[in-house]
Amino acid sequence: MSATGEQKKNGRVVKIALIVCVASFLFGFRVMPPIYRIACEHIFGIKYENKVADGAKVAAFKEDDARLVEVQFVGNVNSALNWTFAPEVFSVKVHPGVLTEAWFDAANLAPDAIVGNAVPSIAPNRASLYFNKTECFCFTEQTLKAGESRRMPVRFIVDPKLPADIQQLTLSYTFYTNEIATKRLAAQPAAVGPNS
Amino acid sequence: MANTSAHADHHDDHDHKPEGFLDRWLFTTNHKDIGTLYLIFAFTMVIIGAAMSVVIRTELASPGLQHVQPYFFNQMTTLHALVMIFGAVMPAFVGLANWMIPLQIGAPDMALPRMNNWSFWIMPFAFTMLLGTLFMPGGGPAGGWTMYPPLALQGGASVAFMVFAIHMMGISSIMGAINIIATILNMRAPGVDLLKMPLFTWSWLITAFLLIAVMPVLAGAVTMLLTDKFFGTSFFNAAGGGDPVMYQHIFWFFGHPEVYIMILPAFGIVSEIIPTFSRKPLFGYQAMVYAVASIAFLSFIVWAHHMFTVGMPLGGELFFMYATMLIAIPTGVKIFNWVSTMWQGSISFETPMLWAIGFVVLFAIGGFSGIMLALVPADFQYHDTYFVVAHFHYVLVTGALFSIIAAIYYWWPKWTGRMINETWGKVHFWWTMVFVNLTFFPQHFLGLAGMPRRIPDYNVAFADWNLISSIGAFGMFVTPWMMIAIFAMSKKQGAIAPQRPWEGAHGLEWEVPSPAPHHTFTNPPVIKPGMLAHGDVTH
């Protein structure tokens with residue numbers, strides 16, 4: 001009925017449309033997550049990655065004796081996790097540029113060993129780029145056997161370039177069950193835990 | 001249908017319908033038959049979705065838990081939305097596109113007829129899978145149609161069924177959209193230039209672009225949900241370093257264009273009906289085309305207004321607020337142009353015109369509440385309340401659904417060769433008009449008073465308006481059956497429709513006999529002055 005020229009034209013439309021589809025699938029699946037990260041860090045100034053601060057950068061910080069910033073600590077536990085978790089002190093005053101240490105206590109109330117992960121958050125958001133952790137229990141999985149408790153440190157240093165209007169910042173953690181690691185742990189013959 | 005007496009009712013030399021039920025419907029490549037299938041499917045889904053809303057409104061008729069358990073209530077709200085959006089409104093528009101676009105541009109059929117068959121026949125399977133979850137252990141999806149993690153991931157096997165059903169619906173929509181683009185770009189009759197195309201065709205061309213751009217994004221989002229649930233990834237799992245807020249960004253990057261996928265064809269339909277019954281060409285035809293295009297463009301940069309309360313930086317909230325309010329401009333252009341088309345026209349109020357005017361008035365109410373929701377400081381109060389429910393039902397029921405009903409009344413004589421009973425059509429309209437407002441208008445008050453959505457029980461302070469809303473919903477549930485009766489009556493004993501059943505109707509679809517023969521425009525029509533409804537026309 002129709003000329004082959006028309007079929008060729010239809011074929012071209014289909015080809016272009018399918019390319020658009022594949023591109024937009026990849027956009028949602030592979031491109032949006034990194035873009036989200038970049039937008040957080042570079043446009044809105046919210047630190048996204050939770051990793052050890054760059055040692056050279058931290059070493060170059062100059063202590064700012066003239067300024068005192070209050071750092072508050074909050075410890076939360078996700079409702080699905082039968083642990084207790086709280087900071088030992090609720091707030092400290094620090095000079096920007098000075099390495100400070102704070103301790104958190106966690107205890108497992110459940111009858112089984114559980115692997116947990118702590119997810120940190122800084123408020124206000126825009127302070128997060130100026131808050132550097134050189135060591136943190138949130139960088140690794142924490143395994144607590146039934147009834148076990150643990151003191152855990154976080155060492156941090158506030159960037160002296162912290163905007164002048166921020167006098168107070170809050171570091172909060174929420175502990176979640178790491179379901180995959182907990183299952184793996186339960187599947188192992190009850191030998192020694194990795195942290196004992 | 002008429003296959004047993006196919007020889008008897010030939011209207012045209014080319015009217016070769018396939019013999020046999022399966023050949024006619026299962027293997028069909030005819031755009032009219034596929035359009036009919038889509039519309040029947042959508043109508044079935046409307047009734048299923050409406051039955052679910054009756055369950056919801058029965059439970060909400062009085063405070064306390066009376067009839068269903070909260071978990072089942074949540075399944076009903078979730079499935080009501082999925083069925084109405086993906087099963088009713090979208091297939092109904094695709095069905096109308098299948099029927100009317102080839103007729104409006106003088107093409108013999110859709111460009112890719114076999115793919116057209118496939119894109120329809122995926123749909124029943126997708127919805128069997130989705131609705132089948134209701135009968136499985138653990139029940140259907142109950143985390144809301146937006147499927148926000150972590151809540152949505154706490155379902156059982158229904159998560160996987162829902163994700164795969166959405167994949168299939170997405171494939172169907174994408175194939176339908178590709179077909180429509182290919183048809184419109186390649187198969188227009190000589191003389192039907194792009195800026196002479198009817199607005200229904202125009203709005204569908206733009207909608208089809210939106211579909212191929214965003215349906216794959218939804219597919220990506222639900223695939224990530226699937227891998228998070230079953231394969232141990234942590235895209236949205238905070239415990240594993242993921243971010244549940246990112247899901248909302250990806251979902252609404254699809255979701256907002258999706259909202260316009262469900263309303264742009266409605267704009268097209270109303271832009272066809274109002275000029276016909278005002279007996280004037282459409283006021284500002286080109287402005288209407290550009291307004292649709294700019295609404296489509298803006299839909300990509302406003303998504304975060306659905307999630308103002310997630311804790312976005314101030315700059316983000318301001319950007320999305322202003323971008324959202326910008327949409328009021330092209331939408332206002334459309335509303336004013338419809339009103340200007342009616343201005344000083346010789347208007348008559350046949351049933352399709354009543355539905356179209358009902359659309360303009362009630363859709364505008366939904367638009368106004370949309371502007372209220374766009375304001376960041378106000379939205380913190382309205383977020384996830386019944387005010388949002390009232391808003392999107394005004395734009396989807398009295399918007400999209402009214403336009404679909406208007407389109408069926410408008411083109412029915414062309415499809416079947418029979419007129420409908422005007423008296424009953426008007427009863428249908430006024431009945432709906434009363435009960436739809438009774439259902440949804442009080443929900444504005446409930447929302448402003450603080451009643452949350454997706455909740456089976458509520459404070460006794462909300463009891464009165466909830467009861468009124470439920471009475472409205474029960475009245476609404478009569479309307480689909482009324483519609484079946486009206487159209488069955490017309491098919492049996494309606495007056496024979498002439499080729500141009502509406503006095504002021506222009507456009508190529510009115511140049512073929514009623515009912516439209518199985519094959520039309522096998523030779524491209526020769527366009528004569530006054531034949532086209534739009535473009536540089538005087539009539």
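Helix H14(B) is mostly covered, with 28 of its 31 residues buried. Bear in mind that this is a predicted model. The helix takes in residues 386-416 of chain B and bends by about 40° at Tyr410(B).

**Helix H14 of chain B**
- Just after H14(B) comes Gly417(B), which takes a positive phi of about 75°.

**Chain B as a whole**
- The C-alpha trace of chain B spans about 65 × 50 × 45 Å along its principal axes.
- Chain B has a radius of gyration of 23 Å, which agrees with the value near 24 Å that a compact globule of 539 residues would have.
- Of the 539 residues in chain B, 53% are buried.
- Take the contacts in chain B with a separation of 6 or more: 82% of them link residues 24 or more positions apart.

**Cores**
- The largest nonpolar core has 172 residues. Among those with the most contacts inside it are Val89(B), Ile212(B), Val270(B) and Ala406(B).
- Apart from that one lies another core, of 24 residues, including Phe104(A), Ala118(A), Cys136(A) and Tyr173(A).
- Ile212(B) has partners in both chains: leaving aside neighbours within four places in sequence, it is in contact with Ala17(A), Val20(A) and Cys21(A), and also with Ile174(B), Ala177(B) and Ile178(B).

**Where the chains meet**
- Chain B puts 29 residues into the contact, and chain A puts in 25 residues.
- On the chain B side, the elements giving two or more residues are helix H5 (158-186), helix H6 (199-230), helix H7 (244-261) and helix H10 (314-326).
- H6(B) supplies the largest share of that side, 10 residues.
- By class, the side of chain B that touches chain A has 21 nonpolar and eight polar residues, with no charged residues.

**A closer look at Ala165(B)**
- Ala165(B) sits in helix H5 of chain B. It counts as buried because 25 other C-beta atoms lie within 10 Å, and the cut-off is 20 or more.
- Not counting residues up to four places away in sequence, Ala165(B) touches Ala126(B), Met129(B) and Leu130(B).
- Ala165(B) and Ala126(B) are 39 residues apart in sequence, yet their C-alpha atoms are 4.6 Å apart in space.

**Strand pairing in chain A**
- Strand S1 (residues 69-77) of chain A runs antiparallel to strand S3 (residues 91-94) of chain A, and four bridges join them. Here Glu70(A) stands opposite Lys93(A).
- S1(A) also pairs with strand S9 (residues 168-177) of chain A, this time in the parallel sense over eight bridges. In this pairing, Asn76(A) stands opposite Thr174(A).

**A closer look at Phe137(A)**
- You'll find Phe137(A) in the loop between strand S6 (131-136) and strand S7 (142-144) of chain A.
- Phe137(A) is buried, with 21 other C-beta atoms within 10 Å.
- Leaving aside neighbours within four places in sequence, the contacts of Phe137(A) include Phe104(A) and Ala118(A), along with Gln142(A), Met152(A), Pro153(A) and Val154(A).
- The C-alpha atoms of Phe137(A) and Asn178(A) are separated by 14 Å, and the two residues are 41 residues apart along the chain.

Note on methods: Residues numbered from 1 in each chain as written. Chains lettered and ligands numbered in written order. Predicted model: local features only at pLDDT ≥ 70, side-chain atom pairs only at ≥ 80, totals over all residues. Core = buried A, V, L, I, M, F, W, Y, C linked by C-beta atoms within 7 Å. Buried ≥ 20, exposed ≤ 12 C-beta atoms within 10 Å, placed from the backbone. Contact = placed C-beta atoms within 7 Å. Nonpolar A, V, L, I, M, F, W, Y, C, P; charged D, E, K, R; others polar. Bend = angle between axes of the 7 residues up to and from the residue. Rg over C-alpha atoms; globule rule 2.2 N^0.38 Å. Pairing = 2+ DSSP bridges.
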